[in-house]
Amino acid sequence: MQRDILIALGSNIAPKLDHLKNAVAAFKQHESMVVKSISPIYETVPKGYLDQEDFLNMVIHIQTDLDEDSLLVFCQKIEQDQKRVRTIKNGPRTIDVDILLIDEEIIDTPDLQVPHPRMHERAFVLCPAADIVGSWQVPILGQSVVSLRDQLPQAERDDVRISGFRLAQ
């Protein structure tokens, strides 16, 4: 059964744009996945750990019949392939690949929480998500992506700017 999935991608270690391109290409090349839409790329200031470069962030909407465990393994493989190193919480990364939504499912396991537990707090996720799946309902919160984005403080939204980059659909 095909499921609609929203994935967040972010990078702040050069070459940032290449890391995003490589991640999107991995999704496009997977035989069990179809990339349905790609958001614009946003430039965002870091959150949490501030002594680092700005990020490039985007989201993609995919369809797949993979179960969530296999999808998570695939997302982690993309991070490993691009040499992601986890040393500082919220620190610099070559690529971050997060599963945000899987249809309107709620998943709560030690390895995966869907919807992503902090997506409603993050303009760098909600702004690009609103561009491509704004009407999607976020389970547990019972609100649309656009509604959640619009509820963010203005200062949060001001930290997220559309970049001059765009990846081909």
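**Strands, burial and overall form**

Modeller: The protein chain has five helices and 10 strands, where helices (H or I, at least four residues) and strands (E, at least two) are DSSP runs numbered from the N terminus. This is a predicted model, in which local features need pLDDT of at least 70, side-chain atom pairs count only at pLDDT 80 or more, and totals for chains, interfaces and linings use all residues. Residues are numbered from 1 along each chain as its sequence is written, and side-chain values use heavy atoms, with hydrogens and water left out.

Colleague: Why is strand E4 called largely enclosed?

Modeller: Buried means under 20% relative accessible area, with exposed over 50% and partly exposed in between (1.4 Å probe, protein chains only). Nine of the 10 residues of E4 (residues 55–64) are buried, so the rest of the structure largely encloses this strand.

Colleague: What makes E1 and E4 a pair?

Modeller: Two strands pair if DSSP finds at least two bridges between them. E1 (residues 3–11) and E4 have nine, in the antiparallel sense; Leu6 has His61 as its bridge partner in E4.

Colleague: How do you know that the radius of gyration of the protein chain agrees with a compact globule?

Modeller: The radius is taken over C-alpha atoms, and the globule rule is 2.2 Å times the number of residues to the power 0.38. For 169 residues a compact globule would have a radius near 15 Å, and the chain has 15 Å, so the two agree.
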